[in-house]
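Hi,

Here is the structure I said I would pass on. Have a look at it first, and then read my notes below.

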Amino acid sequence: MNQANIDTNPNLDAKTNLDRRDFLTKSSVGLAGLAIAPGMLLFDLAHGRAQDEAVSNKVRWGMLIDNNQCESGCNDCVTACNTENGLSGGTKPTDSQWIRKVQLKDTHSGHISSLPMMCQHCDEPPCVDVCPTQASFKRADGIVLVDKHICIGCRYCVMACPYQARSFVHEVLTDQKTEVPRGKGTVESCTLCVHRIDKGETTACAEACTKAGHNAILFGDLNDPESAIAKRIRSVASTQIRADLGLNTGIRYEGI
Amino acid sequence: MWIRLTAIFFSVLIASAVYAADKPQIPHLDIGKGGQCVEDPQLMRKIHMNLLKHQRDETMHKGIRGQKYSLAECVDCHASKTTNSVLGNNEAFCQGCHVYAAVKLDCFECHTSKRKVTAEASK
C-alpha cells in the first residue's frame with residue numbers, strides 16, 4: 001500500500017463532530033449530577049455511578065434468597081436467566097447452567113424445600129485463587145467474572161468451586177446475545193447480570209421472581225446500610241451456604 | 001532477432017506487472033449503514049484492534065461502558081443491510097478485509113456478528 005495513503009490526521013469534519021459528541025457527553029453527565037433536592041438527583045445514574053466511571057469497592061452487590069417464599073415447582077428464575085444470557089436451557093452435563101433449582105429434604109422431618117443455586121460471588125473466591133491466567137477475577141464491586149479473552153479453558157476453577165456453579169462451553173456457539181458474549185473453550189458462570197447492573201437495573205432472576213409474585217430474591221448493595229437487602233440481613237437471620245469455608249458469599253439464604 | 005523479441009516480451013511483462021501493482025485487487029466491502037466513523041477511516045484500518053483491545057479491558061475489569069470504541073457499535077454500523085452481519089461472505093465488512101489481509105478474526109467466536117435487532121425495528 002502506498003505510504004501516502006496512511007493519513008493519521010482525522011479530517012476536519014470528523015474533528016468537529018467528535019468535539020460535538022464530547023461536548024454532548026460531558027454536558028449530559030453534568031446535567032445528570034444536578035441535584036433538585038439534597039439526596040435527590042434530577043436523573044438517576046446507574047446505581048449512583050456514571051457509565052464512564054470505574055466500579056469501586058464502596059459497593060458490594062449481593063442477593064438474599066428467601067427460601068420460604070421460593071416455590072417448589074417454580075422455575076421462573078432459571079428460565080429468565082437462560083433467556084437473558086442466551087443459554088440453551090439444556091441440563092445435560094455438557095450444557096451450561098448458570099442457575100439451577102435445588103431440592104433439599106430434611107431426612108428427619110421429611111420437609112422438602114427448594115432454592116435457586118448459582119455462583120455465590122464470594123468475597124474470597126476459590127476460583128480466582130486457582131486460575132493460572134487471572135481470567136477468573138473479582139470485580140471491585142464484588143461480582144466474580146471470567147475474562148474469556150484470557151481464559152484458556154483449563155477448568156481448574158470448575159473443580160475449585162464448592163458450589164459447582166461453573167460450566168464449560170464444549171461446542172461452537174452461534175447467535176449469542178450482544179451483551180453476553182460466550183464461546184467454545186471458555187468457562188462461564190452467573191455474572192450477576194453485570195450488563196444490567198451497569199445500566200442500573202436488577203438481575204434477570206430477581207426480576208422474574210418478583211414478576212411471578214414470589215419476591216424470594218432480593219438484589220442490592222450489601223455495603224449500603226440504607227439498602228433493602230442490608231436492612232433485611234440486619235433484621236432477620238440469614239445463612240451463607242458452606243459458611244464453614246469462610247468465603248463470605250455475596251448470595252445469602254433465609255430460612256434454610 | 002530473438003534477443004530483440006525476448007527483450008520486447010520482458011518489457012511488456014514488466015509493464016503489465018507494474019500496471020497490476022498500481023491497481024491492487026482491493027476488497028469491495030459492504031459497509032452497512034456506514035456514516036461518520038468514531039475515528040478517521042485510515043486510522044481505523046491501522047489500529048482498530050488496539051482501540052478495541054484497550055477498551056475491552058476497561059469494560060471487562062472496571063465496568064466502564066458506553067465508550068467510543070465499542071465492538072457492538074462497530075457491528076451496529078457495519079453489519080450488512082441484507083444479512084445483518086459483519087461475517088458470512090467475502091464482501092462482509094469484517095470478514096472481507098480479514099480474508100484479504102489473511103488475518104485470523106477471533107472476536108466473533110464469542111461476540112455476536114449480528115446487529116442487535118431492537119423490539120421497535122423488528123415490528
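Let me begin with chain A: in this chain, 58% of the contacts with a separation of 6 or more are between residues 24 or more positions apart. Keep in mind that this is a predicted model. Chain A has 256 residues, 32% of them buried, and its secondary structure comes to 7 helices and 11 strands.

Now for chain B. Of its 123 residues, 21% are buried. If you take the contacts in chain B with a separation of 6 or more, 57% come from residues 24 or more positions apart.

Where do the two chains meet? On the chain B side, 21 residues are in contact with 26 residues of chain A. Helix H2 of chain B, residues 41-62, gives the largest share of the side that touches chain A, with 7 residues. By type, the chain B residues on that side split into 8 charged, 8 polar and 5 nonpolar.

Just past the end of H2(B) comes B:Gly63, whose phi is positive, at about 70 degrees.

That's what I have for now.

Cheers

Methods
Residues are numbered from 1 along each chain as its sequence is written. Chains are lettered from A and ligands numbered from 1 in the order in which they are written. This is a predicted model: local features need pLDDT of at least 70, side-chain atom pairs count only at pLDDT 80 or more; totals for chains, interfaces and linings use all residues. Two residues are in contact if their C-beta atoms, placed from the backbone, lie within 7 Å. Helices (H or I, at least four residues) and strands (E, at least two) are DSSP runs, numbered from the N terminus. Ala, Val, Leu, Ile, Met, Phe, Trp, Tyr, Cys and Pro count as nonpolar, Asp, Glu, Lys and Arg as charged, and the others, Gly among them, as polar. A residue is buried if 20 or more other C-beta atoms lie within 10 Å of its own, exposed if 12 or fewer, and partly exposed in between; C-beta atoms are placed from the backbone.
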